[in-house]
Amino acid sequence: MSAAVTGATRRYTGSLGELLVRNTVLLAAAVVFVAFSLASSKFASGSNLRNIAIQGSGSAVMAVGMTFVIITAGIDLSVGAILFLSTGGAAELFVHGLPVVWAPLVAVLFGIGLGALNGASIAFVAINPLIVTLATLNLYRGLGGHLTGFTTVYLPPGMTKFGTTTVASIPAPIIVAAVVALAGGLVLRRTVFGRYVQAIGANSEAARNLGLPVRRVLVGVYAISGLTAALAGLIENGRLGALQPTVGLGEELTVITAVVLGGTSLFGGKGSILGSLLGVALLQMVADGLVLARISPYVFDMLRASVLIVAVLIGTSRAGGLRALPIGRRPRLEVGP
Amino acid sequence: MLVKHVRLMLIAAAVGALAITMVAAGSAVAKPSATPTIGVSFDLLNQIRKAELTGIKQYAATKHVKILFSVANNDANQQSQQIQNFISQHVTGVIAIAQNGDQIVSSIRAANRAGIPFATIDRAPGKGGKVVAQVTGNALGDGAKVANYMCSLHKPLNVLLMVGALTDANAIGRRDGFLSAAKSCANIKVVQTLPTNWDPTTALNGVTNAFQAHPEINAIFDPSDYLLPAVVSALKATQHFNPVGDAKHVAVVTIDGDNNGCFALRSKWIDADVATQVGKFGPSAIDAILARTAAPKLVKVPGLTLSQQNFTTTHSLVWGCAYGPNGFKK
């Protein structure tokens, strides 16, 4: 496969401007960490960092799936709704006699199925991912609401383990997030499927002409997104101990912001799981630090919005090869054998 | 070939779903009749809304009034269209819970032009239209009742003040009512204010972080029962979850009176719940529509404090206690 298709050999020339843009999320995370550590003596404590890791686990898991989706130049707005419906569906089956030990597996299968349905609509009916997932966002949340009656559903202990238990003193949400991130990174970087994902995102027409199974890969990518949304649902609903009708509402925006902050191009073809995790960590540190530093509640949304704007600017500048920013030079695309 | 078949199947499924929806919607359209008919438009349909709808339907039945009901699913534009449909059907009146207080003003004006009385419940509309009644809970009063109850505990309280959404009048009213009443109580000290945007996960994370920053917190004002599972989970996660009566108990007082609150009170997880008397919203609105009152009738229904002290005698008056301890229907 040529580098022109994968975009894998895109190389920057190394100026300070380029270095800053390429590592913005890392720099921003470092600045935020130092700033909040100065503002609150408890921010950098071990127990608070543990809190940040637990609280960011659900978003981190979803960010792995979203990274795959965005690398294909797609988008999945339905992840928050899948998070709700997958747990809701499993909880409803539990009420109707499903043994609770099967409930997490059922929730995951629901997630894969719902994601695959998104992927099939995008790949086989050729509807824009934004439209498909906007529609299924409403469809899935509506279905979940119908199943649960839009009421709070207290989950049985067997369904809360992903959010509350510890293994060797490590909270389960952190373990799940680490395993999913590791697996996602390996699939993206070390498998044929992962290379197909990048190739399709870089140039889907070229990928199709080369005989790559574009449709099947797209279905797989959205199924992965559904799977990670369902796992995030088990973590977040498990932590809450209950399923509530608004859980996951708007979470897609947080996850997309984190992924774009982490360097994945909204225009496809380029991205990394590690970057997405850093994006999640940055957003979670901001959310945590604002409380610890006792900053006015009215500033919360302004800061979140600012982070989103920065993420979009970074994404745009990257897609334009830094042309949108006055710093740095344009990337040189090398075409290898 | 496979692609073609899959595509055809997906299109057929979409068309089928659309057809079923249209048939279902068509069957729900009311035909004009001599019976007084009131169109009811809700922003969403959760448990509290169901209780409000039950209050409307029960009172409407006693007045021989027919109810047409629609839900906007949190979509202000959809709500506008649904109300326009009611107006087109020349209903006797409209009762609405606004998805957005400002956006509903255009619907109120449209009803005014058609000579159809319009009443709003639960959430106050913006300025501009003319309503025959505006029936809401008493957000300021309910917040004050929370502070008064905490004050009655007669011990120093370092309070975590949770706030709903900073753009929501009920959330702000509850907060301001609490702060105003707390000023006259020397026992209450607010050590942290936490915006939640009514989101359980934000609330869970925020309460956990608040205990990290202020281990001295020994009381929580939760502005809605909806956030109670998050509060309870955060208390458990931070090893602060102890029942009422335990020396290490963190006092929790909340508002709404839904099944979460009733269940938590019965389980001795929380101290009190200021229950909104939602069943009283509809009757006032229906009366105003049928009377076509010229001056807007402004009704603020006061909350009812359900506590550990009066639970046995008062819980039957609280709407959420009629539901099972779990969210699933009884």
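## Domains of chain B

In this predicted model, chain B is divided into domain 1 (33-131) and domain 2 (139-277 + 306-322), with bounds from an automatic or database domain assignment. The centres of the two domains of chain B, taken over C-alpha atoms, are 31 Å apart.

Five residues of domain 1 of chain B are in contact with five residues of domain 2 of chain B; contact requires C-beta atoms, placed from the backbone, within 7 Å. The domain 1 side comprises three nonpolar, two polar and no charged residues (nonpolar: Ala, Val, Leu, Ile, Met, Phe, Trp, Tyr, Cys and Pro; charged: Asp, Glu, Lys and Arg; polar: the others, Gly among them).

## Interface of chains A and B

Chain A and chain B each contribute 36 residues to their contact. Among the elements of chain A that each supply at least two residues to this side are helix 4 (46-71) and helix 12 (214-240); helices are DSSP runs (H or I, at least four residues) numbered from the N terminus. The chain A side divides into 18 nonpolar, 13 polar and five charged residues.

## Helix packing in chain A

Helix 4 and helix 12 of chain A pack at about 175°, with axes 8 Å apart; axes are lines fitted to C-alpha atoms over the stretch in contact, and angles run from 0 to 180 degrees between N-to-C directions. The two helices are therefore roughly antiparallel (angles over 145 degrees).

Residues meeting in this pair include A:Gly58 and A:Phe68 of helix 4 and A:Tyr222 and A:Glu236 of helix 12. This contact has 14 nonpolar, five polar and one charged residues.

## Conventions

Residues are numbered from 1 along each chain as its sequence is written, and chains are lettered from A and ligands numbered from 1 in the order written. In this predicted model, local features need pLDDT of at least 70 and side-chain atom pairs count only at pLDDT 80 or more, whereas totals for chains, interfaces and linings use all residues.

How values were computed. Contact = placed C-beta atoms within 7 Å. Parallel < 35°, antiparallel > 145°, perpendicular 65-115°, else oblique.
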